[in-house]
Amino acid sequence: MSNQDDKLKDIIGHAKEYGFVFPSSEIYDGLSATYDYGQLGAELKNNIKNYWWKAMVHMHENIVGLDAAIFMAPQTWKASGHVDAFNDPLIDNKDSKKRYRADVLIEEHIEKIRTKINKEVAKGKKRFGDDFNEEEFRATNPNVLRRAAEISKIEDRMKTGLENEDLADIKALIEELGISCPISGSKNWTDVKQFNLMFSTELGSVSGEAATIYLRPETAQGIFVNYLNVQKSGRMKIPFGIAQIGKAFRNEIVARQFIFRMREFEQMEMQFFVRPGEEMKWYEYWKEYRLKWHKALGLGEDLHRFHDHIKLAHYANAAADIEFNFPMGFKELEGIHSRTDFDLKQHEEHSGKKLRYFDPEINESYIPYVVETSIGLDRMFLAVLSASYKKETLDDGSERTVLAIPPALAPYKVAVMPLTKKDGLPDKAREIINSLKIDFNCQYDEKDSIGKRYRRQDAIGTPYSVTVDHQTLEDQTVTIRDRDTMFQERVAISDLHKIIGDKVSMRSLFNQSEEVTAE
Ligand code: ATP
């Protein structure tokens, strides 16, 4: 097992032990790729949502929020293209009975070839030492060139096969590459079939009258169909945005890797409506703004990177992902897409309703173009959890596990602990909590030694622990301990509100993410 697998396993174990994430309906052995957020997970999730909502809605005068229903008129999904085209190519191994995404099997094969190239490069580096010029080596070494050519041949063939829906050729490619099932090791594959990712159910109780409706596979369409309602009732002027946080459902063929890929998940999306021709300016703006939003959390350097899409979806004229270095490597965390007027145009055609905007500045009526930012809340949760999870060896040789969650996102902001359960100390601790709890989520803890209690707070990411002792009763001071530095100092109870407030306020995050302009 690799280090990466170990780290993910550790995080999953930690998340369960401390009440962040549980397997769903665990007493019945769980349901695959479905998870429940526990008492601390729900808090962390809410704080992430809050950070996103504040940044996107409250900090932008021209963005408003929405909360649309999960069920929508079935025509919505015909218009959006999801009924006909929201498919993944699936293939089964006849021996292991395991199901795979055909494109993912091929991509994994390509990744293996890439690893071989990297090994070749590493060998070159070792041989030539300081004189090594990687770029030149990659451009001239015959082994590297042969392998790179092999990769582009496979990529081209897969792309053509998928675009032309030539599923027989996708299967032929898998066979020619000699790809075997990781479980059974056999190459005994079924044909490749298209599999629609939408969940459907029936609406209506009278038989014969039931209509098939879908659980939304993205929140975006709830925004598109309400675009005119919001524009008119909110007197919005282009450019303007509509933001939404909500559940989405996809019947993913292979749902693995904890909360990274689930069948029920949550999205935070914002559709920004702009004048046609101005979309690239806004696309660049949102790319930059969203990256700053991530970086402001200070989760670590070099954890984010852009990945520009080469193959664009039929509706997009530009698209990029913000990838995050998860325990299993760099993977998509957020997408920024320039979606043209595709969606609104489709809804105009299918509904017969005009979805135009009259732009008084240029005296013209048009269908706005859309730039969207779309992030998975659960993936963001995993990003925060995995970057925050640390095992440290202390000066005295002991170990601690600490979740260095950005204080603004931490489930509890402060733990208040009486040194002993006697002498009125618990009452004093509760009195302090009562004075803080309206602004900060506080935890009361009186069980075990102070050292053990500190460790517990470290493990759940509480930025501050406050200890109440006998001196407190005399001079109204307490000891406050910082989670990250473990530094302790004596402060007046009356200063606690300010000390904690300064540390956990979202204000510090915004100083860094606000200086983006669209020009
Ligand atoms: P992927 O390529 O990983 O399947 P996608 O490109 O289909 O993702 P989008 O349709 O762009 O994803 O959705 C926007 C965001 O929603 C993604 O960046 C991701 O954070 C999140 N997301 C998508 N599918 C899932 C899922 N099954 N589980 C959790 N989050 C998801």
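Arg 261 is partly exposed, with a relative accessible area of 23%. Partly exposed sits between two cut-offs: buried is under 20% relative accessible area, exposed is over 50%, with a 1.4 Å probe and protein chains only. The side chain of Arg 261 meets that of Glu 252 in a salt bridge, 3.5 Å from N to O. Glu 252 counts as buried, at 6% relative accessibility. By salt bridge I mean a side-chain nitrogen of Lys or Arg within 4 Å of a carboxyl oxygen of Asp or Glu.

A word on provenance. This is a predicted model: local features need pLDDT of at least 70, side-chain atom pairs count only at pLDDT 80 or more, and totals for chains, interfaces and linings use all residues. Residues are numbered from 1 along each chain as its sequence is written, and side-chain values use heavy atoms, with hydrogens and water left out.

Back to the charges. How many salt bridges does the structure hold? The count is 43.

Take Arg 400 and Asp 458. Their closest N and O atoms are 3.0 Å apart. This pair links distant parts of the chain: Arg 400 is in strand β18, residues 399-403, and Asp 458 is in helix α15, residues 450-460, 58 residues away. Helices and strands here are DSSP runs, numbered from the N terminus: H or I with at least four residues for helices, E with at least two for strands. Are these two partners buried or exposed? Arg 400 counts as buried, at 1% relative accessibility. Asp 458 is buried too, at 0%.

Next pair: Asp 482 and Lys 503. Their side chains form a salt bridge of 2.8 Å, N to O. Again, distant parts of the chain are linked: Asp 482 in strand β22 (477-482), Lys 503 in helix α17 (493-504), 21 residues apart. Asp 482 counts as buried at 11% relative accessibility. Lys 503 is partly exposed at 24%. There is also a network: salt bridges with shared partners join Glu 392, Arg 400, Arg 455, Asp 458 and Arg 481.

Now the nonpolar side. A nonpolar core is a set of buried Ala, Val, Leu, Ile, Met, Phe, Trp, Tyr and Cys residues joined through side-chain atoms within 4.5 Å. The largest has 68 residues. Among those with the most contacts inside it are Phe 20, Trp 52, Trp 286 and Phe 381. At least three residues come from each of domain 1 (1-74 + 197-391) and domain 3 (394-509). Those bounds come from an automatic or database domain assignment. A second, separate core has 23 residues, including Ile 106, Val 121, Met 158 and Leu 167.

Look at Phe 20. Contact means heavy atoms within 4.5 Å. Leaving aside neighbours within four places in sequence, the contacts of Phe 20 include Tyr 37, Leu 44, Phe 381, Leu 403 and Ile 460.

On to helix α12, residues 342-351. Which of its residues are buried? They are Phe 342, Asp 343, Leu 344, Gln 346, His 347 and Glu 348. Their cover includes α3, α9, α10, β10 and β13. Just after α12, Gly 352 takes a positive phi of about 75°.

Last stop, Cys 181. This residue lies in the loop between α8 (167-176) and β6 (193-196). Cys 181 is buried, with a relative accessible area of 1%. Beyond neighbours within four places in sequence, Cys 181 is in contact with Asn 93, Ser 96, Tyr 100, Ser 186 and Trp 189.
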